[in-house]
Amino acid sequence: MDRKIFYAVNVGESNRFFDTVLPFLREAGFWVPLYLFLLVFAVINFGKRGWLWFIFFACTAGVCDLISSHLIKEHIFRLRPCQDPELADRMNSLAHYCPQSSSFVSAHATTHFGLAFFIVFTLKPYTSPWIRLFFAWAALISYTQVYVGVHYPFDVLCGALLGSGLGYLMARFFNNYVGLLSLQHKLS
């Protein structure tokens, strides 16, 4: 089932536009302006607590990467689609390189769903419902991992679930022990 879904995404949905755009979406440098915007937004609206929010944001990314890349991948090895000799001539390999690490779990999915949950559950009281678009952002990056051929859908799904849990725990910890000042309190 995992391979069928992989083929449906990687080969069946292949088109020039996605082939050009989606590889960029998985690059960390592509999202630096978004991260800088979040830092500026947090500091302008919440002052010193905004800096603390951004430190927790970065820690959420670090915890997600540590658990997915260094704890799980080092103990559970699964061959990536782009390394599988059975798939090599039947798939679209669009990543600039094929990592040698395990395919399980997707660190991109873990980290981005972790960040999405952290962002939404810490900023939701201070922003519009549009903040939930960060879930779509994480899903798009996760989808891209399958599209470019570096992960199977199951690896991405497990990474998304792991990241969601870690992001939620980090957000709960932040909200319970640090928190952000209300914009109304700051303005008055």
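Leaving aside neighbours within four places in sequence, Thr110 is in contact with Cys64, Ser68, Val105, Gly159, Ala160, Leu162, Gly163 and Leu166, where contact means heavy atoms within 4.5 Å. The structure is a predicted model, in which local features need pLDDT of at least 70 and side-chain atom pairs count only at pLDDT 80 or more, while totals for chains, interfaces and linings use all residues. Residues are numbered from 1 along each chain as its sequence is written, and side-chain values use heavy atoms, with hydrogens and water left out.

Thr110 is found in helix H5, which covers residues 107-123; helices here are DSSP runs of H or I with at least four residues, numbered from the N terminus. Thr110 has a relative accessible area of 0% and therefore counts as buried, a word that stands for under 20% relative accessible area, with exposed meaning over 50% and partly exposed in between, for a 1.4 Å probe and protein chains only. A polar atom of the Thr110 side chain lies 3.2 Å from the backbone oxygen of Gly159.

Thr122 also lies in helix H5, and with a relative accessible area of 1% Thr122 is buried. The side chain of Thr122 has a polar atom 2.6 Å from the backbone oxygen of Phe118. Apart from neighbours within four places in sequence, Thr122 is in contact with Trp53, Ala171, Phe174, Asn175 and Leu180.

Val105, one of the contacts of Thr110, lies in the loop between H4 and H5. The peptide bond that joins Phe104 and Val105 is cis, with omega at about -10 degrees.

**Helix H5 against helix H7**

Two packed helices are described by the angle between their axes and the distance between the axes. The axes of H5 and H7 come within 6 Å and cross at roughly 35 degrees; these axes are lines fitted to C-alpha atoms over the stretch in contact, and angles run from 0 to 180 degrees between N-to-C directions. The crossing of H5 and H7 is right-handed, a term used when the near helix is turned clockwise from the far one by less than a right angle. The residues in the contact of H5 with H7 divide into 13 nonpolar, eight polar and no charged, with Gly counted among the polar residues.

Gly163 is found in helix H7 and counts as buried at 0% relative accessibility. With neighbours within four places in sequence left aside, Gly163 is in contact with Cys64, Thr110, Phe113 and Gly114.

**Aromatic rings**

A pair of aromatic rings is described by the distance of the centres and the angle of the planes. Rings of Phe, Tyr and Trp (its six-membered ring) pair if their centres lie within 6.5 Å, with planes under 30 degrees apart counted as stacked, over 60 as edge-to-face and the rest as tilted. By this rule the count comes to 23 aromatic pairs. In one of these pairs, the rings of Phe56 and Phe173 have centres 6.0 Å apart and planes at 25 degrees, so the pair is stacked. The pair links distant parts of the chain, with Phe56 in helix H4 (residues 48-72) and Phe173 in helix H7 (residues 153-177), 117 residues apart. Phe56 is buried at a relative accessible area of 16%, whereas Phe173 counts as partly exposed at 42% relative accessibility. Both belong to one aromatic cluster, formed by Tyr35, Trp53, Phe54, Phe56, Phe57, Phe118, Phe173, Phe174 and Tyr177.

**Helix H3 and separations along the chain**

Leu38 lies in helix H3, residues 32-46, and counts as buried at 3% relative accessibility. Beyond neighbours within four places in sequence, Leu38 is in contact with Trp53, Phe57, Ile119 and Phe134. Leu34 is found in helix H3, and under the rule that leaves aside neighbours within four places, Leu34 is in contact with Phe134 and Trp137.

| Residue pair | Apart in sequence | Apart in space, C-alpha to C-alpha |
|---|---|---|
| Leu38 and Gly149 | 111 residues | 30 Å |
| Gly163 and Ala107 | 56 residues | 8.7 Å |
| Leu34 and Val148 | 114 residues | 22 Å |

Methods
Helices (H or I, at least four residues) and strands (E, at least two) are DSSP runs, numbered from the N terminus. A polar contact is a pair of N or O atoms within 3.5 Å; within protein, one must be able to donate a hydrogen and the other to accept it, and residues adjacent in sequence count only if both atoms are side-chain atoms.
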